[in-house]
Each structure stands twice: as structure tokens, then as C-alpha cells.
Amino acid sequence: MKLYTDDELAGLLGTHDIFRLIGQTADEAGVECYVVGGYVRDLFLERPSDDIDVVVVGSGIDVASALKKKLGRQAHLSVFRNFGTAQIKCGSLEVEFVGARRESYSHDSRKPIVEDGTLEDDQNRRDFTINAMAICLNKGRFGQLVDPFNGLADLEDGIIATPLDPEVTFSDDPLRMMRCVRFATQLHFQIEDATLDGLEKMAQRIRIVSAERISVELNKIMMAPQPSIGFVEMQRTGLLQLILPEVAALDIVEQRNGRAHKNNFYHTLEVLDNVASRNASLWLRWAALLHDIGKPKSKRWDAAQGWTFHNHNYLGAKMVAPIFRRLKLPLGQDEMKYVEKLVDLHMRPQVIADDVVTDSAVRRLLSDAGDDIDDLMTLCEADITSKNEVKKKIFLENFRMVRSKLTDLVEKDYKRLLQPVIDGNEIMQLFNLRPSRVVGILKQFLKDAVLDNRVPNEREPLMQLLMEKAGSLGLKMSKP
């Protein structure tokens, strides 16, 4: 973080013509104007930002419209009169203009009653002290910092705190609770004690926020360098139970006859951080977060084996779609179905690695994982969180062997041969069948024969096998 004097801030802002021009336009209109919020915060954090919010003590739309005339064709103006805002896009810059306002809320609504206000009123309604700082753009005070809530000190100390009573702040706009967690995660800041208490007390208010808005914040938390920070904060405040109860339910350890299973919540967060450390995609991170959600439903006690979680991958995969629908996340092949697949398959490489790494087993894995095989292996390697370094080393070496075998098989072009040349449509035509379980049995029989290398993926030997299998099922070829 870098501390600047007002003169230094004036020098920094002065290097961008847009700020001088905004100030000049406001002066001509006889109103005060300030750059506020995230741009000011990121200026001190030395983080690049092209997203600029400007508060005008007067009409933000009027100032934006006058600025557009100065900028000419290079700028595009959008006016949102219902919200009293305007936006100018100029190259890579986006400048949002709004008039200073005060807001009041009823308990059962997220929509505020908005009135014209002062800069002080506008800063009072901001979510956090680090976002409530403002820098004046008017010529006489250009570069002057206005920081009524000591946001600069909180920025320096790494603290997230609300400007006013946290309960009021979070009740007014419950999405601020998610933003609080998100900023703490992205910036690696601590949530101030009173603000944390406010999160706990007001957590239930998150129920009135739309799933779409919650998911936007969740995804930003997921894409942070260490997303576990946010999930720990959501769990300790009760937010996670309301948003992702399937993940919150992992936070339990049961003991019987002196034998306990690990806390799968903290294991999951470790896996998530491991994946994040590899700059993984958003949806691979979601797969990491959800990979063990089937464990609470599958948990059993066995006197000989201890705690078991058989088929937790299968049960977990079945839970993915309802979660994505509830949170209004994308349901497509590249998002929900991808996560579903990885959750379902995440135990397979480990099973293979624990046994003899045969061509047949690896070929089946390659067939089922398809183009997502590398992501699946990344997830499985991240899933090794044992504190026993010798055991961990053995696991990772076994996975290295699986990867090596995968590479060998791809190089031999097995991937091209994984689908038998006789498909389901031809099977139905040969035996005059409709889509049915029998067709599936015959398709799988041929696929297994190819995967197990019992026959080459060629028409004649596969047809002979098919006729033998069909005969055992009492099927006869239809007449040509």
C-alpha cells in the first residue's frame, strides 16, 4: 500500500486528462464532484482500475451530458434516468456519474427510498470505510481526500469495517454481507469484530437477495487467490448454511470406538486452495468445492473398516444440478455438466493408482473423462491433503504413473478407437429395437470389448461378438 498526500493525489489524478476535464465540467455547472469508492481504494493499494465512480453534489446526469459534448465522438453516453445515473465509456475507461443522495429502507425491501443529499450523506450510505473515501475533482480542491470514517487507516491495517452500525448497513442491503466476505477474501483483510458480529446477527437477511446477485459474489470469492478465506468467514457467520448448506454440512467430525473421520469441510477448502494455486478455471474450482458433498449422505460406520463413504462421488454428482439451479448458475456442458462429471469421476484415478495401473483401467478413465482428463487429474492431485509426507509422496507418485500411462495411450491413438464402430442406431436397426435398456447393454458390451482390448475396433470381429451376445439375450436379426 502507498500513502499519498493531497498534492501527490492531485499529481496522480492529473496525469489522466479525464479527471481534470470532469472537474472543469463540474466547475462550469457550479457543483462539487468527487471520484469515490473502489477507484480511490485501489489507487492507494496500487491496483490498476479503469472503473471510475464519480459523485456529483447535484445532477450527475447533467455533468455527464456536458462532459460528453467536450469529449465528442470518442465517448459514448448512456443515461439511466430511473436510477439518476449516467455512464460514459471512452476507450478502456468507464465513468459512472451519480448525484449525491441519501437512502432509507423498509425492513422487507432491498429498494431504497432515495433523496438528494450531500457528500456526507453519500459517504454514510457506502458499504465499507475503505470504499467511503472520496477525492475532490473541482479546481480549487483538486486531489483533496475526504475520509470521514478513517478508511485510509483501515486500508493500511487491513480491516473491513462498515461506516455506520453494521446491522443497519447489512439490513439496508443484505448483499453487502457477501461483499464484505468477498473483499476480505480478495484483499486478504480481517473483518472487524463489530462488523463480524453484524454479519452473524443479520445473516438471515441474505434470504431476500436474488440468487443471481449472490452467485456473482460467490464466483468472485471462488476466483480469489485463496478462496478458503471467504468460505471460513461464511461458515462462522452462518451465511454458508443459508447459501450452500451442502458444503456447510461437511463441517462435522464424528467419533466412535476411538476412531474419528477427518473434517471434510476443511479438507474441501484445502483442496479448493490447492486447485486455485494452479490458476484453475472457475468451474474446476467449483468441482473442487463440491467434490465431497456426497459424504454426509454416504457416511456409514463399519466395525472392521471404521468410517466409510462408499459411493459419495456418485451421490455428490447427483447433488450438483440442484445446487446450480438454485443458485442460477449455468447449466451447460462447459459448466454444470463439467462439474457433475468431475465430482462423479474424482475417485477413479485414485482407485487406479492404488492398484496395478493397467492399460484397460486407464483407457476406461480416458474414455469417460474425455477432453477433461487433465482437469480431473489436477483435481485428484489437489485432493491429496494428507499431513503424512511419506504417504502423500506415494499418492502423488502413483498419480504421476497414471498421467504417464494416459500420455502413452493418447500417443498410441487409443482415444480415436474408444467408440466402437457399431453404434446404438445400427444395433436398433439390426434387431428391430426401440431405444431401450437392451440396446444399452449391447452398446456397453461392445465398448467393454474394445476397452479391454479383447477385439480390435473393427466391424467384422465386433459383429461376431454382437451376434453371440444378442443370441444369449434371445434376440434375432430383423429381415433385410
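In the predicted model, the accessible surface of the chain amounts to about 23,700 Å², of which carbon and sulfur atoms supply 48%. Of the 480 residues, 50% count as buried. The side chains include 64 positive and 71 negative ones, and the centres of these two sets are 8 Å apart.

The overall dimensions of the chain were computed from the C-alpha trace, which spans about 90 × 60 × 40 Å along its principal axes. The radius of gyration is 30 Å, whereas a value near 23 Å would apply to a compact globule of 480 residues. Among contacts between residues at least 6 apart in sequence, 66% join residues that are at least 24 apart.

The secondary structure of the chain comprises 25 helices and 15 strands. Seven strands make up an open sheet with mixed pairing, in the order 3-4-5-2-1-8-9. The edges of this sheet are formed by strand 3 (75-80) and strand 9 (145-146), each of which pairs on one side only. In general, the strands of a sheet pair through backbone hydrogen bonds, in either a parallel or an antiparallel sense. For strand 3 and strand 4 (residues 85-90), the sense is antiparallel, and six bridges are found between them.

Key: Residues numbered from 1 in each chain as written. Predicted model: local features only at pLDDT ≥ 70, side-chain atom pairs only at ≥ 80, totals over all residues. Heavy atoms only, no water. Helix = DSSP H or I, 4+ residues; strand = E, 2+ residues; numbered from the N terminus. Rg over C-alpha atoms; globule rule 2.2 N^0.38 Å. Buried < 20%, exposed > 50% of the residue type's maximum accessible area, 1.4 Å probe, protein only. Contact = heavy atoms within 4.5 Å. Areas by Shrake-Rupley, 256 points an atom, 1.4 Å probe, with all protein chains shown as cover. Lys, Arg positive; Asp, Glu negative; His and termini not counted. Charge placed at Lys NZ, Arg CZ, Asp CG, Glu CD. Pairing = 2+ DSSP bridges.
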